Amino acid sequence: MANQREPKKSKYFRDANDKPTSKYIKSEGAKSTSKYIKTEGDRKAEKAKAEQRNPQKTSYRKSAATSNVSNRTDNKAVRKPTPKPKTDNLPEEVSSLDEVQERKGDQASIFTNKEADLNAIRNYKEAEQTPDESRRKTQTVRNILLITALLVVAVMIQFIIVNQRGEIEFMPRFLTIEFSAIPEFIASLAFGPVVGVVMIVLKNIIHILLTPLILHTNPSYISELSNTILDSFFIFLGGWIYTRRMFNFKPQKNLHKTAGGKDYRTRRIMLGGFVGTLSTSIATFFTTRFMAYPLIVRLYGPKSPAYTDVSILATYNEALENIGKSFPEIADKIPEINNSFNRAILMFNVPLTFLKYIFITVIVALLYPPISDFLHYRVRSKKRK
């Protein structure tokens, strides 16, 4: 029939002469084109092309492929482990991670993010170590107020004079003792020896201005000058040995603690005070012999007979006779002064200076450690248990 259609050929049923067109069924002798099935020649060709493109990368892969297990372990050892957040040496307000979790209440185990808490503690610590400008200004104002308060106390103590009118018969009438160096020594330990020396100068200037108003007498400029020199010598040496620096507005918290946590501030104060006392006692002889007495005799001797060489030596001899009357068993052992200023100063001025500054050192060694935290704003918070 003319209109009869030819049957449609199936792709699965073909004649024997038809060539297979499947990508999986190939004729004999056909070259494989699969990327997974490659001959030795194909591998060598690809390797040569790779070396031409990037020879360093190829050599690295080759060396890495031929490396042994020990080399691989060495490479791993070079890698630095990621640092874990530290929780030691935390500020007193946030001392530990456990305390942070306790502040969250009983539900801390449910709502606690350990990493966030550690980051908060670390950020708080960094903020405390690097205060902002306003905090620095606040500390400076507080330091100035503390120094001013110590200066006021020193001026008040300076008006409390021992043997002002010759009450002690064992001392010459013109030798006096006052302990106004106690606040100055505390300021020298807390803020540096320079601050202590500046306080001494200001104290003596204020004392000269207030003496006519309070004591109704004329100030003794020579005594104030001698007091300034000797106190400055003692304060500077004692404060420098303790702090080892000129200014100490921001001292380290554990500067005077051993590795075991033992506080040895008292020992350092005693060491600095003893060195300062010994040095000041030696300096007393030279300042009194070659500065104070020559100026007194030259300035006040022509005006009053009480300030001549003979009168000053007579005052020393009178005090020496009083000691011999009170202690007759040692009267024969006491050497006579006669007309020697050097012997008089060595027998009275130097020992009294030594006893004065040793007493000041002991008092400050007992007072300073308890108030040191207050002076440097390290007082524990009242909210802490």
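Me: What span would a straight helix of 35 residues have, and what does helix α13 span?

Reply: At 1.5 Å a residue, a straight helix of 35 residues would span 51 Å, whereas α13 (residues 341-375) spans only 44 Å between its end C-alpha atoms. The expected figure is 1.5 Å times one less than the number of residues, and helices here are DSSP runs (H or I, at least four residues), numbered from the N terminus. Keep in mind that this is a predicted model, in which local features need pLDDT of at least 70, side-chain atom pairs count only at pLDDT 80 or more, and totals for chains, interfaces and linings use all residues. Residues are numbered from 1 along each chain as its sequence is written, and side-chain values use heavy atoms, leaving out hydrogens and water.

Me: Where in α13 is the kink?

Reply: A bend is the angle between axes fitted to the seven residues ending at a residue and the seven starting there. In α13 a kink of about 45° lies at Y368, shortly before the proline P369.

Me: How many salt bridges does a search of the whole structure find?

Reply: A salt bridge puts a side-chain nitrogen of Lys or Arg within 4 Å of a carboxyl oxygen of Asp or Glu. The search finds five. One of them joins E184 to K203, with the closest N and O atoms 2.9 Å apart. E184 lies in helix α8 and K203 in helix α9 (residues 193-214), so the pair ties together parts 19 residues apart in sequence.

Me: Is K203 buried or exposed?

Reply: Buried means under 20% relative accessible area, exposed over 50%, and partly exposed in between (1.4 Å probe, protein chains only). K203 is buried, at 0%. K203 also forms a salt bridge with D231, the closest N and O atoms being 3.5 Å apart.

Terms used: Helix = DSSP H or I, 4+ residues; strand = E, 2+ residues; numbered from the N terminus.
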